[in-house]
Amino acid sequence: MRLSGLLTRAQVETIHQKALRVLSEHGVQVEHEGLRDRLTAFGGRSDADRVCFPESMVEALIQAAPKSKRRADQPTVSMGVGVYQSQY
């Protein structure tokens, strides 16, 4: 997804910080016990069927994610968990 031109740098940073907060404080519902165990072993915090991700973990994963380009002016970040792949 290309955000340049649509949002200011400050708006993008605000969205990023809010997303980190949601992942850290509320997490995501993960129904698969094996995946919850793997995410917890990797640094997530599990509470019943939810996994929360420390901000430092999310930031480290963003930095480690392979970067690719669809076009010279449109950088993307590719990431995946299991069979789920995303490109931004």
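A residue counts as partly exposed when its relative accessible area lies between the 20% under which it is buried and the 50% over which it is exposed. With that in hand, welcome to this predicted model, where His26 counts as partly exposed because its relative accessibility is 47%.

**Overall layout**
- You will find 3 helices and 6 strands in the protein.
- Along the sequence, these elements follow the order α-β-α-β-β-α-β-β-β.

**Surface and contacts as a whole**
- The protein has 88 residues, and 17% of them count as buried.
- Among contacts with a separation of 6 or more, 30% come from residues 24 or more positions apart.

**Ser24**
- Ser24 sits in helix 1, which covers residues 9-25.
- Leaving aside residues up to four places away in sequence, Ser24 touches Arg45, Cys52, Phe53 and Glu55.

**His26**
- His26 belongs to the loop that links helix 1 to strand 1 (28-29).
- With residues up to four places away in sequence set aside, His26 touches Arg21, Arg50 and Cys52.
- The C-alpha atoms of His26 and Cys52 are 6.2 Å apart in space, although the two residues are 26 positions apart in sequence.

How values were computed:
Residues numbered from 1 in each chain as written. Predicted model: local features only at pLDDT ≥ 70, side-chain atom pairs only at ≥ 80, totals over all residues. Heavy atoms only, no water. Helix = DSSP H or I, 4+ residues; strand = E, 2+ residues; numbered from the N terminus. Contact = heavy atoms within 4.5 Å. Buried < 20%, exposed > 50% of the residue type's maximum accessible area, 1.4 Å probe, protein only.
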